[in-house]
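Have the viewer open as you read.

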Amino acid sequence: MAKILLSKKNLFYNLEEISKKAKGKEKVAVVLKDNAYGHGLIEIASLCKEFGIQKAVVRTIEDAQKIRDYFSYIVVLADNSFHNYSHTFHIAINSLDDINKVPQNANIHLKIDSGMHRNGISIDDIEVAILGLLERKANITGVFTHHRGADTLSTDFFWQNENFTKAKTKVKELCEKLLIKVPSFHSCNSAGLFRKQIFDEDFARVGIATYGYLDNDEVFDFPKLKPVMSLWATKMATRELKKGQSLGYGGKFKAKENMVVSTYDIGYGDGFLRLNEDDSYKTPKGFEVLGRVSMDNLSLNSEDNEVCIFDDVTNLAKIHKTITYEITCSLKEGLKKEILL
């Protein structure tokens, strides 16, 4: 049966590197949205709690409810239902229109558009937003933004930092004027955290680095992290393929000599993206994916009962001309997960 193995050792190594950069475990919020980037929401939540992480970030209230016993502080990024079932939940407000939906006494994180122009309140609308939230009797517990290019060598990172500094100054002035508590400030994603010379915010929202990757322009002095996930498949059948015989859909692989091949129980229906037969991919042990990946299986020049399909998705991301996030997030939630101690 195909399965995902999660390395506790590698996860803890990554969290240690992240915590050192952030100057403490209490300044790290692990991003667990989209099934913890395909790694398993509950599995990663339980391990992060064991390590000592107190904050998490999810996409929906539903996910927040699933992990409410693991963290004392949960930021919900993109839910339109605006229910606040727990004092540990902090709901992100992504537009002025959202303010009228906020329930009384809800904990709110106000998102600022510092230049990504995707979600968030403009800096000019900060006062309107804060007054509107206070009218709703909301607790403004956080103000944050998101970087559009922290992982690329450009001036965008510094420009957005300047914009967010202006926003923070405005928020602090309003808080003093209105006699309310200054909220927590956070802007750094994984790349943003490691690009900061000195990390000086209340916490960082760390996603892909938690899982062992830092997609970037490879010009930054980022630490070498360790992938947490490996994907394994189990043999379904073995046969001898004669010289000249083809294999799989379209007959795109043709044997150049007699060879033994086996099919394994992983395919694009499980979220292992369909390889172009023109691209060669080999497993960590050196077995080659032969021809097209099918919905529920693929073929390898192997007789092993179990095969590690990948233990690092960097090469697969290059083959698919995408990022590591997409490879891991594509894996289906139903895949069995085991934790390696």
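A residue counts as buried here when its relative accessible area is under 20%, and as exposed when that value is over 50%. Keep in mind that this is a predicted model.

With that cut-off, helix α5 (residues 126-135) has these buried residues: I126, A129, I130, G132 and L133. They span an arc of only 160 degrees around the axis, so they end up on the same side of α5. What do the buried residues of α5 pack against? Their partners are β5, β6 (107-111), β7 (139-144) and α6 (156-178). On the face turned away from the buried side you'll find the exposed residues V128 and E135. Just after α5 comes K137, with a positive phi of about 60 degrees.

Zooming out, the largest nonpolar core has 102 residues, and L32, F71, F272, I309 and F310 have the most contacts inside it. Take I309: leaving aside neighbours within four places in sequence, its contacts include L231, W232, F272, Y281 and P284. Another core, of 7 residues, lies apart from the largest one, with L241, L247, A255 and V261 among its members.

Now for the rings. The whole structure holds 8 aromatic pairs, and two of them look like this:

| Pair | Centre to centre | Angle between planes | Type |
|---|---|---|---|
| Y37 and Y325 | 5.9 Å | 35 degrees | tilted |
| F157 and F158 | 5.8 Å | 70 degrees | edge-to-face |

Y37 is buried at 8% relative accessibility, while Y325 is partly exposed at 28%. Ring pairs also bring in Y211, giving a cluster of Y37, Y211 and Y325. In the other pair, F157 is buried at 2%, whereas F158 is partly exposed at 48%.

Charges meet rings too. The charged end of K226 sits over the ring of Y13, 4.3 Å from its centre, and that of K55 sits over the ring of Y73, 5.7 Å from its centre.

Y73 also turns up around T88, which touches S72, Y73 and I74 if you skip residues up to four places away in sequence. T88 lies in the loop between β4 (73-76) and β5 (89-93). Is T88 buried or exposed? Its relative accessible area is 9%, so T88 is buried. Its side chain makes a polar contact with the side chain of S86, at 2.7 Å.

Terms used:
Residues numbered from 1 in each chain as written. Predicted model: local features only at pLDDT ≥ 70, side-chain atom pairs only at ≥ 80, totals over all residues. Heavy atoms only, no water. Helix = DSSP H or I, 4+ residues; strand = E, 2+ residues; numbered from the N terminus. Buried < 20%, exposed > 50% of the residue type's maximum accessible area, 1.4 Å probe, protein only. Polar contact = N/O pair within 3.5 Å; in protein donor to acceptor, adjacent residues only side chain to side chain. Contact = heavy atoms within 4.5 Å. Core = buried A, V, L, I, M, F, W, Y, C linked by side-chain atoms within 4.5 Å. Arc of directions from axis to C-beta. Phe/Tyr/Trp six-rings, centres within 6.5 Å; stacked < 30°, edge-to-face > 60°. Lys NZ or Arg CZ within 6 Å of the ring centre and 35° of its normal.
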